[in-house]
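Open the model in your viewer and keep the selection tool at hand.

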Amino acid sequence: MKSGPVDTSPELELDAATALFHSLSDGTRLAILRRLAVGEARVVDLTSEVGLAQSTVSAHLACLRDCGLVDYRPQGRASVYRLTRAELLDVFRAAEALLEATGSAVALCPNYGHPTADEAAG
């Protein structure tokens with residue numbers, strides 16, 4: 001492994017932040033992370049709680065592992081997943097405060113929100 005100066009350029013930092021928010025932008029990954037914020041869970045538990053196939057949940061967990069947000073430990077034939085960073089809980093709290101402050105503005109955003117049928121028709 002090479003040692004040397006770490007690139008901390010503003011562009012690299014922005015790329016990392018973009019990747020972080022992209023990892024949090026998928027509803028399934030966000031649901032998995034919110035569930036793991038409560039405590040550890042096996043894939044079978046997550047599958048039943050988010051209502052998706054095991055392969056889908058596993059793929060999202062792999063993404064979250066690659067991002068360094070979750071890790072797992074073997075327990076018999078199962079894997080038990082957990083959050084790797086307590087700071088993620090701070091991100092969730094900050095997001096909840098921001099959503100409370102902005103009301104429905106984010107949800108109604110024409111680019112990223114999901115307007116109701118009445119608003120879409122209007």
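A residue counts as partly exposed when its relative accessible area lies between the buried limit, under 20%, and the exposed limit, over 50%. The model is predicted.

Start with Asp-90, which is partly exposed because its relative accessibility is 43%.

Now show the whole chain. It has six helices and three strands, in the order α-α-β-α-α-β-β-α-α from the N terminus. Of its 122 residues, 19% are buried.

The structure holds six salt bridges. Select Glu-40 and Arg-73 for another one, at 2.6 Å from N to O. Glu-40 is in the loop between H2 and strand S1 (41–42), while Arg-73 is in strand S2 (residues 70–75), 33 residues apart. Glu-40 has a relative accessible area of 36% and Arg-73 one of 32%, so each is partly exposed.

Next, select Asp-71 and Arg-82, a salt bridge with its closest N and O atoms 3.7 Å apart. Asp-71 lies in S2 and Arg-82 in strand S3 (residues 78–83), so the bridge ties together parts eleven residues apart in sequence.

Finish with helices H2 (residues 27–38) and H4 (residues 54–66). How are they packed? Their angle is about 75° and their axes are 10 Å apart, which means H2 is roughly perpendicular to H4. Residues in the contact include Ile-32 and Leu-33 of H2 and Leu-61 and Leu-64 of H4. By class, the contact has six nonpolar, two polar and one charged residues.

Technical notes: Residues numbered from 1 in each chain as written. Predicted model: local features only at pLDDT ≥ 70, side-chain atom pairs only at ≥ 80, totals over all residues. Heavy atoms only, no water. Axes fitted to C-alpha atoms, helices over the stretch in contact; angles between N-to-C directions. Helix = DSSP H or I, 4+ residues; strand = E, 2+ residues; numbered from the N terminus. Parallel < 35°, antiparallel > 145°, perpendicular 65-115°, else oblique. Contact = heavy atoms within 4.5 Å. Nonpolar A, V, L, I, M, F, W, Y, C, P; charged D, E, K, R; others polar. Buried < 20%, exposed > 50% of the residue type's maximum accessible area, 1.4 Å probe, protein only. Salt bridge = Lys/Arg side-chain N within 4 Å of Asp/Glu carboxyl O.
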